[in-house]
Amino acid sequence: AEERFRSLFESSPDCIIVCDPEGRCLYANHVALGRTGMVLDEVMHRTIAEMDDIFPGKGTLWKERIQQVYAQGTSKTFEEHSTAGDSQGSGYEVRVMPMYNRSNAIFAIGLVQRDISDRLRAEKAIRESEEKFKLFFDQSTDAVIVFDADTGNIVDCNESACTLTGL
């Protein structure tokens, strides 16, 4: 069972850290170690709060989230953003979840950090495109009317269309 567990963790493209309820690191996969530049023995038994040097400004935040998850027994997911080392910034989704033993008691807390930078950049590009379209739509001297293809009802129109048609 432990071999399957380790294989699952090591094959994940996400940063995975397992901590005891006090926040001491019990395990970190190769992605987490790659981000820290450390080997497993150097990370083991350090607390998440002590890893503020590895994940700047996140250690204390993650410790608080671990304590919340341990106290409530429910998973929490949040996004965090970083501009360190990346002109466009990086975004991460972090899921903090309780891990239960056979007696249904929490024995550890799992942290999974997924890089969502590409998704955030795509969302930003869509927002910027929508803003450009809205600006073109609103400032156009041509009358622009948008109809619902199914009903034929007017969905939107710009000021020029209102002036021209009296809408």
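I take buried to mean under 20% relative accessible area, exposed over 50%, and partly exposed in between, with a 1.4 Å probe and protein chains only. With this rule, Arg24 counts as partly exposed at 34% relative accessibility.

**Entry 1. Ground rules**

I am reading a predicted model, in which local features need pLDDT of at least 70, side-chain atom pairs count only at pLDDT 80 or more, and totals for chains, interfaces and linings use all residues. Residues are numbered from 1 along each chain as its sequence is written, and side-chain values use heavy atoms, with hydrogens and water left out.

**Entry 2. The hairpin**

Two strands pair if DSSP finds at least two bridges between them. S1 covers residues 15-19 and S2 covers residues 25-28, and the two pair in the antiparallel sense over 3 bridges. They form a hairpin with 5 residues between them. In its turn I noted Gly23, which has a positive phi of about 95 degrees. Across the pairing, Cys19 stands opposite Cys25 in S2.

**Entry 3. Leu26**

I then turned to Leu26, which is found in strand S2. Leu26 is partly exposed, its relative accessible area being 32%. For contacts I count heavy atoms within 4.5 Å. Leaving aside neighbours within four places in sequence, Leu26 is in contact with Val18, Cys19, Asp20, Met44 and Ala108. I also checked Leu26 against Thr151: the two are 125 residues apart along the chain, and their C-alpha atoms are separated by 60 Å.

**Entry 4. Cysteines**

How many disulfides does a search of the whole structure find? It finds 0, where a disulfide is a pair of cysteine sulfur atoms within 2.5 Å. Cys25 is in no disulfide, and the nearest cysteine sulfur, that of Cys19, is 5.5 Å away. For Cys15, the closest cysteine sulfur is in Cys25, at 9.5 Å, which is too far for a bond. Cys15 counts as buried at 1% relative accessibility, and Cys25 counts as buried at 0%.

**Entry 5. Salt bridges**

I use the term salt bridge for a side-chain nitrogen of Lys or Arg within 4 Å of a carboxyl oxygen of Asp or Glu. By this rule the count comes to 8.

Glu79 forms a salt bridge with Arg119, the closest N and O atoms being 2.7 Å apart. This pair links distant parts of the chain, with Glu79 in strand S3 (residues 76-82) and Arg119 in helix H5 (residues 117-139), 40 residues apart. Glu79 is partly exposed at 40% relative accessibility, and Arg119 is partly exposed at 35%.

The side chains of Asp138 and Lys134 meet in a salt bridge at 2.8 Å, N to O. Both lie in helix H5, 4 residues apart, about one turn of the helix. Asp138 is partly exposed, with a relative accessible area of 37%.

Salt bridges that share partners join Asp20, Glu22 and Arg24 into one network. Within it, the side chains of Glu22 and Arg24 meet at 3.4 Å, N to O. Glu22 is partly exposed, with a relative accessible area of 49%.
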